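Below are my notes on the side-chain contacts and backbone details of this model. Please read them with the structure open.

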Amino acid sequence: MAKFHGKLGYGISGETKPGVWVDQIIEKDIVGDFIKNTRQLENSGGVNDNININNSISIVADPYVTENFHLIKYVKFMGTAWKVKIAEVQYPRIILTLGGEYNGEQA
């Protein structure tokens, strides 16, 4: 398996004004192993196709990741932030399945 090193983005909800909740993004460094490393072109009906990567990354489930895996938003990989579609707990590891490009707030 190929090794992986990157950043993991978490979205922690915080109230900025009464009744207004916004995700505050924090990033943590992670290391792991690629389980699957593929890409897929998806016809969007426009001029250019969308690129999705269907990578699966296995990371060590340290206490912070284990307690906050439900808050994971993206993984930075190849200079781009990619959405985490699935975060599967297989203690002592967590398997992250990536999808399309993440276009939300970043740290």
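**Notes on the model**

1. Proline 92 lies in the loop between strand S7 (80–90) and strand S8 (93–101); strands (E, at least two residues) and helices (H or I, at least four) are DSSP runs, numbered from the N terminus. A cis peptide bond, with omega about 15°, joins tyrosine 91 to proline 92.

2. This is a predicted model, in which local features need pLDDT of at least 70 and side-chain atom pairs count only at pLDDT 80 or more, while totals for chains, interfaces and linings use all residues. Residues are numbered from 1 along each chain as its sequence is written, and side-chain values use heavy atoms, with hydrogens and water left out.

3. Methionine 78 is found in the loop between strand S6 (72–77) and S7. Its phi is positive, about 60°, although methionine 78 is not a glycine. Methionine 78 counts as exposed, at 62% relative accessibility (buried is under 20% relative accessible area, exposed over 50%, partly exposed in between; 1.4 Å probe, protein chains only).

4. The whole structure holds 5 aromatic pairs. Rings of Phe, Tyr and Trp (its six-membered ring) pair if their centres lie within 6.5 Å; planes under 30 degrees apart count as stacked, over 60 as edge-to-face and the rest as tilted. The ring centres of tyrosine 10 and tyrosine 64 are 5.1 Å apart and the planes are at 85°, so this pair is edge-to-face. Because tyrosine 10 lies in strand S1 (residues 3–17) and tyrosine 64 in helix H1 (residues 63–68), the pair ties together parts 54 residues apart in sequence.

5. Tyrosine 10 is buried, with a relative accessible area of 0%, whereas tyrosine 64 is partly exposed, at 27%.

6. One aromatic cluster is formed by Phe4, Phe34 and Phe77.
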